[in-house]
Amino acid sequence: MTLMTIVVGLLSAFFLFASSIKIFGWQKMIFETQLAMFVKYGLNRQIMALTGFVELFGAIAIWFQGSWIGTLGALALLGTSVGAIGCHLIWDTWKEGVPAMITGTLAAIVAWSGRAALLGFLGLV
């Protein structure tokens, strides 16, 4: 098993869990905590659900490594992680942003590894 497969597996598992809570609210304590953070950041429940769908897309798409879809999924996860980092740095402290910093770094590694497939699809290589 390669290191990239482990990274993809970890990212996918984390974001499948996180997105399912944002979309369905099935884990009450985590859902209410996350919703309170979104409201604190000036965002609403609909934006939280949209974020969950972006995370769900990314968590599934990153399994298609070697394809532009896998790279696009990694970029979706990177985007949500960067957004979370920004919100935590503006309204919280950097410590609350550490999980997003980790997921963002891992998503950037996956996106970078698949850049040739995406650039090829766009006709830029």
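This report describes the helices, salt bridges and surface of the structure shown above.

The structure is a predicted model, in which local features need pLDDT of at least 70 and side-chain atom pairs count only at pLDDT 80 or more, while totals for chains, interfaces and linings use all residues. Residues are numbered from 1 along each chain as its sequence is written, and side-chain values use heavy atoms, with hydrogens and water left out.

**Two helices and their sides**

Helices here are DSSP runs (H or I, at least four residues), numbered from the N terminus. Helix 2 has 13 residues and spans 18 Å from its first C-alpha to its last, close to the 18 Å expected at 1.5 Å a residue, where the expected span is 1.5 Å times one less than the number of residues. A residue is called buried under 20% relative accessible area, exposed over 50%, and partly exposed in between (1.4 Å probe, protein chains only). In helix 2, the residues Phe 31, Gln 34 and Phe 38 are buried. Because they cover an arc of only 70° around the axis, they lie on the same side of helix 2, the arc being that of the directions from the helix axis to the C-beta atoms. On the other side of helix 2, Lys 28, Met 29 and Val 39 are exposed. An α-helix has 3.6 residues a turn, so residues three or four places apart point the same way. The buried residues of helix 2 pack against helix 1 and helix 3, where contact means heavy atoms within 4.5 Å. Ala 36 also lies in helix 2, and with a relative accessible area of 46% Ala 36 is partly exposed.

Helix 5 has 16 residues and reaches 23 Å between its first and last C-alpha, close to the 22 Å expected at 1.5 Å a residue. Its buried residues are Ala 100, Thr 103, Gly 104, Ala 107, Val 110 and Ala 111. They cover an arc of only 125° around the axis, and therefore they are on the same side of helix 5. These buried residues of helix 5 pack against helix 1, helix 4 and helix 6 (115-121).

**Salt bridges**

A salt bridge is counted when a side-chain nitrogen of Lys or Arg is within 4 Å of a carboxyl oxygen of Asp or Glu, and by this rule there are three salt bridges.

| Pair | Closest N and O atoms |
|---|---|
| Glu 55 and Lys 22 | 3.2 Å |
| Lys 28 and Glu 32 | 2.8 Å |
| Lys 40 and Asp 92 | 2.4 Å |

The salt bridge between Glu 55 and Lys 22 links distant parts of the chain, with Glu 55 in helix 3 (residues 45-61) and Lys 22 in helix 1 (residues 3-24), 33 residues apart. Both Glu 55 and Lys 22 are buried.

Lys 28 and Glu 32, by contrast, both lie in helix 2 (residues 28-40), four residues apart, which is about one turn of the helix. Lys 28 is exposed, at 57% relative accessible area, whereas Glu 32 is partly exposed, at 43%.

The salt bridge between Lys 40 and Asp 92 also links distant parts of the chain, since Lys 40 is in helix 2 and Asp 92 is in the loop between helix 4 (68-91) and helix 5 (98-113), 52 residues apart. Lys 40 is partly exposed, with a relative accessible area of 45%, while Asp 92 counts as buried because its relative accessibility is 18%.

**A nonpolar patch and a buried histidine**

Helix 3 and helix 4 each supply at least two residues of the patch, and helix 4 gives the most, with three residues. Trp 63 is located in the loop between helix 3 and helix 4, and counts as partly exposed because its relative accessibility is 49%.

His 88 lies in helix 4 and is buried, with a relative accessible area of 10%. If its neighbours within four places in sequence are left aside, His 88 is in contact with Met 37, Tyr 41, Thr 93, Glu 96 and Gly 97.
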